[in-house]
Structures are given as C-alpha cells and as structure tokens.
Amino acid sequence: MILVLAGGVGAARFLSGLVRVVDPSNIVTIVNTGDDTELHGLSISPDIDTVTYTLAQAIDPDRGWGLRDETWRAMAALEKFEGVRPEHSRAAPRWFNLGDTDLATHFYRTARLQEGATLRDVTDEVRRAFGVDVSILPMTNDSVRTTVHLNDASVSFQEYFVKLQHSVPVTGVDFVGANNANFIDESLITSADAIVIAPSNPIVSLGPIRALPHVDSLLASRRDDVVAVSPIVAGAALKGPADRMLVELGHEPTVVGVARMYAPVCSTLVIDQQDAHLANEVEREGLRCVVTDTIMSKPGVSEELARRTVRATPRQGGISWPD
Ligand code: FO1
C-alpha cells in the first residue's frame with residue numbers, strides 16, 4: 001500500500017497521476033484538515049473536497065477547487081441581506097465562494113456530522129458518492145484549525161488565504177487543537193510499503209499533519225520509505241503562498257529549504273529539472289535527490305512524476321511493476 005500525505009491542489013494533481021500508474025485500491029491518502037472552516041452553519045473541508053473532486057474528475061480545472069460547470073446563484077442571492085445585517089453579525093459571508101452544487105457536499109457533511117458521524121465516515125461516504133476508488137481519510141476526526149498570525153491580528157487559514165488573498169506577511173502559524181487530536185490511524189504509517197509527501201505547502205498543508213501526536217516520530221521510523229515531492233520549483237511555489245511563507249517564517253524558499261524541513265522524516269526529495277543544480281546541496285542535507293519534471297501541466301507529467309516518485313522508494317510501494 002502506498003500512503004500519500006496530502007494538502008490541496010498540488011497533492012490532488014499528483015494523486016490523479018498516481019492512480020494512472022498504480023491500482024487505486026493500493027493507495028490511501030491522508031488529507032490535511034487544518035484549512036477546514038465553518039461558514040453559513042456548514043462544515044467545510046476544502047483540501048478533502050479538492051482531493052475528492054479531482055480524483056472524481058469533477059474538479060473545476062481552472063480554479064483547482066470546487067466543481068466544474070458550477071453556478072453561483074445561492075451566493076449571489078445572499079447579497080440582499082448585506083443591507084439589513086446587523087454590524088456584529090457573521091451571517092451570509094460572501095468572501096468564500098460556495099458554488100450551488102458544491103453546497104450539496106457541505107449540506108451532506110454537516111448533517112452527517114451533526115448526527116454523530118465521524119469526519120472519517122463522512123469523507124468515505126462522499127468519495128464513494130463521487131465514485132472515487134482511492135481511500136481518502138482526514139488526518140484526524142478531531143478539530144484542528146490552522147491559525148495564521150499577522151502583524152496586527154490572528155486569522156483563520158481561509159481568512160488569510162481567501163479573504164486577505166494571502167497578500168499579508170505572516171509572523172507565525174499555529175495548529176490549534178493538534179496537541180489533543182488523534183492522528184487518524186497510526187497503523188497506516190507503520191504498515192505502508194511506501195509513504196509519499198505530496199507536493200503541498202510544507203508549512204500549512206503538511207505542518208498540521210506532522211503536528212499531530214506521534215506522527216513525526218512514526219514517519220522518522222519509516223524514513224527510508226518516505227519520499228517527498230518538492231512544492232517549490234526554482235524558488236517559487238507553483239500555486240499559493242508557500243514560497244513567501246517559507247521566507248516569512250525563516251526558511252529558505254528553495255528545494256534545499258524544503259529538504260531541511262523534511263530531513264527528519266524523509267530520505268528522498270524529488271525536485272524539478274530547473275533545480276538540478278541544487279541536487280548536491282539537497283543531498284548534503286542527508287536526502288537522496290531525484291531530478292525530474294514536477295510541473296504537472298499535463299496528465300502525462302503527473303503520471304510520470306508519480307511513477308518516478310514511487311520507484312524512488314526501496315520497496316516501490318509493494319508494486320510489481322511491469323518491466
Ligand atoms: N479559494 C479561493 O481562492 N477563493 C474562494 O472563494 C474559495 C472557495 C472555496 C470553496 C470550497 C473549497 O473546497 C475551496 C475553496 N477555495 C477557495 C480554495 C481553498 O481556500 C484552498 O483550496 C485550500 O484551503 C488551500 O489549499
């Protein structure tokens with residue numbers, strides 16, 4: 001079994017390549033829930049939905065989140081209340097765009113959680129409803145929320161990422177609740193043939209997962225079988241604020257910086273051709289380095305990247321590859 005630790009868009013694209021080279025029944029992905037939020041009384045899990053929708057080939061290809069062929073009538077209809085809403089009210093927020101068909105997923109998840117279902121139960125029901133074969137699990141059933149500290153305020157991840165368009169410097173990040181949360185299933189780390197850290201933001205996508213009790217030590221015990229794909233190419237993130245956050249939080253915004261962050265839990269880093277000149281520096285951090293094309297602009301690239309990533313692990317995910 002191949003275990004993939006995932007955030008949002010980059011991880012989802014990687015997984016859509018992985019399912020083309022490995023039987024989906026041999027893949028388990030554990031997804032970050034630090035981005036989760038409650039709006040309109042609805043429980044929303046963006047990274048889980050991005051992974052689910054992408055694997056279902058239902059994702060909006062331009063946005064990288066939400067559903068394709070979406071309409072926004074419910075969100076537009078909220079506008080009429082802005083004129084009458086009391087000052088202190090948090091009702092009818094319109095900064096976080098929820099499409100009409102995306103709402104169905106939030107209705108279902110919210111109702112099931114209120115009935116006492118776990119996030120793991122609901123995530124599995126939703127991925128089956130979307131016809132996805134890969135096992136998709138939340139990193140925990142407990143509440144963990146990424147809080148982003150700015151110069152003059154602390155905000156939720158979505159307020160930072162969407163409301164503020166992540167256009168403000170970050171002074172710190174906390175994963176509130178992580179200390180008391182239970183990682184979803186430790187046996188998945190101990191029993192995996194290979195563990196892949198997907199090309200997601202090392203701080204706010206992989207950080208919450210690694211912050212859960214025992215996860216880092218469990219990964220360290222499997223370090224030889226852990227391979228990561230750098231989300232940073234030529235000193236920049238392909239999507240989102242990862243490069244800026246690395247700098248703002250004191251890390252080097254390069255594949256070498258990523259190598260340093262992952263060195264305790266990972267023995268191989270996959271980097272893009274554009275960073276080939278940094279391969280030796282990555283290896284000086286104690287990781288093997290694989291250089292390939294990591295810019296998943298076409299499905300064929302995601303597929304080849306996934307193949308090379310799994311092949312870079314000693315047991316190759318337990319796959320018997322056709323020669
Ligand atoms: N990202 C945006 O930039 N703007 C949005 O309005 C927005 C809405 C949204 C709704 C549902 C969902 O699952 C994701 C959504 N995202 C939006 C993306 C989301 O903020 C990010 O995908 C993750 O939280 C970071 O990986």
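A pocket, on a 1 Å grid over the protein atoms alone, is an open set of points where a 1.4 Å probe fits, with protein on both sides within 12 Å along at least five of seven lines; its lining residues have an atom within 4 Å of a point. Helices are DSSP runs of H or I, at least four residues, numbered from the N terminus.

Now the ground rules. This is a predicted model, so to speak of local features takes pLDDT of at least 70, side-chain atom pairs count only at pLDDT 80 or more, and totals for chains, interfaces and linings use all residues. Residues are numbered from 1 along each chain as its sequence is written, and side-chain values use heavy atoms, with hydrogens and water left out.

Let's start with the largest pocket. About 1000 Å³ of space lies in it; a volume here is the space filled by probe spheres set on the points, which are joined across faces, edges and corners. It has 44 lining residues, and Gly8, Val9, Trp65, Phe161 and Lys239 are closest to its centre. Helices H1 (9–18), H2, H4 (100–114) and H6 each give at least two residues to that lining. H2 has the largest share, with 5 residues. By class, the lining holds 21 nonpolar, 16 polar and 7 charged residues.

Where does the ligand sit? In the largest pocket, by the test that more than half of its atoms lie within 2 Å of the grid points. Its shell has 13 residues, with Asp35, Asp47, Phe96, Asn97 and Gln158 nearest; to count as near, a residue needs a heavy atom within 4 Å. H2 (46–55) and H6 (157–163) each supply at least two shell residues. Here H6 gives the largest share, 4 residues. The shell splits into 8 nonpolar, 2 polar and 3 charged.

Next, polar contacts, meaning pairs of N or O atoms within 3.5 Å. A polar side-chain atom of Gln158 is 2.7 Å from a ligand oxygen atom. For Asn97, the distance to a ligand oxygen atom is 2.9 Å. Trp65 places a polar side-chain atom 3.4 Å from a ligand nitrogen atom. The protein covers 90% of the 530 Å² of accessible area that the ligand has on its own, by Shrake-Rupley with a 1.4 Å probe.

Last, the second largest pocket. Its volume is about 540 Å³. Of its 25 lining residues, Ala12, Ser16, Thr54, Gln57 and Ile59 lie nearest the centre. H1, H2 and H13 (299–311) each give two or more residues to this lining. Which helix gives the largest share? H1, with 5 residues.

Key. Polar contact = N/O pair within 3.5 Å; in protein donor to acceptor, adjacent residues only side chain to side chain. Nonpolar A, V, L, I, M, F, W, Y, C, P; charged D, E, K, R; others polar.
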